[in-house]
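Please look at the chain as a whole before turning to single residues, and keep the sequence beside the 3D view while reading the explanation below.

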Amino acid sequence: MDRSVENARDQALVAAARDGELEAFNQLVVLYQDYLYAMTVRVMRDPDVAEEAVQEAFFSAYRNLDRFSGPSFRAWLTRIAINAARDILRKRKRRPSEPYPEWEDDAWQPPAPESEGPEQVSLVHQQRRAIARCLEGINDDQRAAIVLYDVQGYDYGEIAAIANVSVGTVKSRIHRGRLALRDCLGPTMELFRG
């Protein structure tokens, strides 16, 4: 869906929710719960934290609907979810034992076409493990910027608004994170050459 159409739809739902229509906010929850969970689990590397953060993000968004000024409800909600996840991690002060567990769960992956043999499936699995290991090695800010830009498709300005930093800082985080990923992936680059 085009971002401008998405923003208009979301603004209409927010306006209705502000007027007391709970069903309008419920539609926003349905529209964004899966996206928020997938994004948060990738950034924070802990499914429990992601689940709790998404729930807290929706509670917080509902309580603070009057503070939303647009244009992108999705970006505003993303910022709330990432901040909630960071707060939860600070409170727990623990590190997850397995980063990106959803990448290890074959049920999470789309089914492979029958034409792909076991070698291809094994190669894809090795690539994902290498990427997950290297993403684990970069700092949270760099990982969040890379996931938001390369995976979720946000532009620099949207990421800056989400992270509450300048566009230059976003570009720097993405650049430094990519350099760190390249260095980390260097010994395994043969996995990515086709």
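Of the 194 residues in the protein chain of this predicted model, 40% count as buried. When contacts between residues at least 6 apart in sequence are considered, 68% of them join residues that are at least 24 apart.

With the overall picture in place, the interior can be followed. In soluble globular proteins, nonpolar side chains tend to be buried together. In this chain the largest nonpolar core has 43 residues, and the members that touch the most others are F25, L36, F58, F73 and L77. At least two residues of this core come from each of several helices, among them α1 (3-18), α2 (22-44), α3 (47-63) and α4 (73-92), while α4, with eleven residues, gives the most.

Leaving aside residues up to four places away in sequence, F25 touches A17, F58, A61, Y62 and L65. F25 counts as buried because its relative accessible area is 6%, and F58 is likewise buried because its value is 8%, the cut-off being under 20%.

The structure holds eight aromatic pairs. In the pair of F25 and F58, the ring centres are 6.4 Å apart and the planes stand at 85°, which means that the pair is edge-to-face. This pair links distant parts of the chain, since F25 lies in helix α2 and F58 in helix α3, 33 residues apart. F68 and W76 form a tilted pair, with 5.3 Å from centre to centre and 50° between the planes. F68 is buried at a relative accessible area of 7%, and W76 is buried at 11%. Both residues belong to one aromatic cluster, formed by Y32, Y35, F68, F73 and W76.

Two arginines also lie over aromatic rings: R74 is over the face of Y35, at 4.3 Å from the ring centre, and R3 is over the face of Y154, at 5.1 Å from the ring centre.

Terms used:
Residues numbered from 1 in each chain as written. Predicted model: local features only at pLDDT ≥ 70, side-chain atom pairs only at ≥ 80, totals over all residues. Heavy atoms only, no water. Core = buried A, V, L, I, M, F, W, Y, C linked by side-chain atoms within 4.5 Å. Buried < 20%, exposed > 50% of the residue type's maximum accessible area, 1.4 Å probe, protein only. Helix = DSSP H or I, 4+ residues; strand = E, 2+ residues; numbered from the N terminus. Contact = heavy atoms within 4.5 Å. Phe/Tyr/Trp six-rings, centres within 6.5 Å; stacked < 30°, edge-to-face > 60°. Lys NZ or Arg CZ within 6 Å of the ring centre and 35° of its normal.
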